[in-house]
Amino acid sequence: MASEGQQDGNSAVAPEGIAHASLKYSLLGPSLTKAGQESVDQSKACSSNANLTLPLPHQVSDVIYSASKGSKYFTREEAKDKVLTAKIEQMLAKKSDIETLDLSHDLWAADSCISQLEIERDLTQHIVHIDCDAFYAAVELLDRPELENLPFAVGGGVLTTCNYVARRFGCRSGMAGFVAKKLCPELVLLPLNFDKYNAKAAEVRDILSNYDARFESTSIDEAFLNITEYCMSRGTDPANVVDQMRKEIYEKTHITVSAGIAANTRLAKICSNMNKPNGQFVLPRNRTTIMAFMHDLPCRKVNGVGRVLERELASVGIKTCGDIYPQRQYLNRLFGEKTSELLLCCYLGLGRTSIQPAEEYDRKSVGTESTFRDMGDPTELRDKLRSTADELEKDMRRAECKGRTLCLKVKLHTYEVLTRQVVTPKAVYLAEDLYRYSLPMLARLEQEFPCLKLRLMGLRCTHLVRAKKPDTRAFFGLKPEKQDKPRIQRTGTEEEWEQWPENDLDIYSGVGRERATDSRRQGSDDDDSFHRRGNETPPDPEKDRPVSAEEWWDCPICARPQPADERVFNEHIDLCLSRRVIRDTVQQNAVAQPPNGRGATPESKKPKDKKRRGRQSTMVDPKQKRLCFG
């Protein structure tokens, strides 16, 4: 990029290509650092296959620039590049002003943050990142083996993935199909078939579950695993385990995968890209080794650092993770608290070590969107909105949730993205409701933009509401209840879903906060039992009722068997917890009460009225060390 931006000092007018150096680099796409691109000289398109007819050895960036120039996409990217350039100029001016200030406090704050992050460093886990190699292309290759040595890609208007032969030409995912054809005229384009991809992904996940039952699937072809327990139980090395796993996946699915093994997810993600395709890389769990590994690593290689942040960092002299530390006193003022902490974690090579199934994360939103050719007919737009609502209903059913806020996202034919949202009067998930509440937003856009033309439409629900009853037994470590029917019917009308009172819905806010759901709210309309307090004893089971393992649950608090009814079981647990809290509180107060009047207030030392001598004292007896109920 730097060489593209250099210009001859004797030249009065810089060439257009040089003047647009930053735009050229941006047009290379977000997947510039994907595996297979390292062998590509971005200044020239080349290939080792002599049988392929290559275009002239133009620069890859020049080919993309020339092919895109004049399009609406190019105009939009050019405008975004100008905005980013202006922002960077303001950032540099701000940095110049900051350098004149006393930054000792900022330096101390950054060092304190680093010290705190270091305390949280965990080097005890073996975290693995599994990434299938060119997954869509690999699945298609199973049906089209004749394409093995030919460049091909999956997708139409936009490429979703390319095989490694096509990547040597500079083709990559996210690239427009006509641009990829300019780089590689012999490129074969195959249509998408998600049924095949999902089926093959399920086969891979079945194998991963044998090594970590709680593996975390991050996409259709990627997953994180924690194999620490697996290695300890078998006394084997993690590299051998991962090698065995990769061989098993290939033998059963005929798909190659690459893996990274490290102390946390951030490092494992980076490592999985080191020896692609069909390889693995182990980063030892040693702080010195990790710091050395991160020191020379380009910032763009870290997940979370994209084109925009990479360019902003480069403007202030941060190109590798090792460059972050000398600039640490400026980070918070220039990039904000969250980004500065992210950068410090990149410098230290820190990341999370907690791995859990994706289903257990609290989702903040559920959405779907699709791209299409320019569409302006009102009837077609409404049909597209209806089909989008149908797709979103399917996703909402799979996620077993409803949404309080509905967002409409559209991309104009000029590539400008607009969003509108509405708060629905009730939590929705049915396609009919999604369409009904989103249609007025589309109508208002048609009024704001006469002759409206769209190339993308999407719907998203936020402020989600659980439509699945929490598993109380699993919370207390009990075996799941045997059920003949699912709790939530997957088909039919809204009445077949579990109905929750509107005031009792468990709402997740946009910043991830949630209100705790009281398990007592899942009872019937009879709420008299909820008003009982701590001095009441839960009733024992009826003596004349037959007891069996399927009909009685043991209370984890008092160990008494209770009827196998979730509402009654919840009431009993609430009552036991209330009794325990009251008992502990009274005991603490009794111990804290000073004996023999020590520490008493002046009022307590005053002589008491003779008329009150005969009354029984209501003060807690300090000798009463333990209270029992029931």
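## An aromatic cluster

F135, Y136, F194 and Y197 form one aromatic cluster in this predicted model. Across the whole structure, a search finds 9 aromatic pairs, where rings of Phe, Tyr and Trp (its six-membered ring) pair if their centres lie within 6.5 Å. Residues are numbered from 1 along each chain as its sequence is written. Because the model is predicted, local features need pLDDT of at least 70 and side-chain atom pairs count only at pLDDT 80 or more, while totals for chains, interfaces and linings use all residues, and side-chain values use heavy atoms, leaving out hydrogens and water.

## F194 and Y197

Let's look at one pair. The ring centres of F194 and Y197 are 5.8 Å apart and the planes meet at 80°, so this pair is edge-to-face (planes over 60 degrees apart; under 30 is stacked, and the rest are tilted). Both residues sit in helix 10 (residues 194–208), 3 residues apart, or about one helical turn; a helix here is a DSSP run of H or I with at least four residues, numbered from the N terminus.

F194 is partly exposed at 42% relative accessibility, whereas Y197 is buried at 0%. Buried means under 20% relative accessible area, exposed over 50%, and partly exposed in between (1.4 Å probe, protein chains only).

## Y325 and Y347

Here the centres are 5.2 Å apart and the planes are at 20°, so Y325 and Y347 are stacked. Y325 lies in the loop between helix 15 (307–315) and helix 16 (328–335), and Y347 in helix 17 (residues 337–348), so the pair ties together parts 22 residues apart in sequence. Y325 is partly exposed at 32%, and Y347 is buried at 16%.

Conventions: Helix = DSSP H or I, 4+ residues; strand = E, 2+ residues; numbered from the N terminus.
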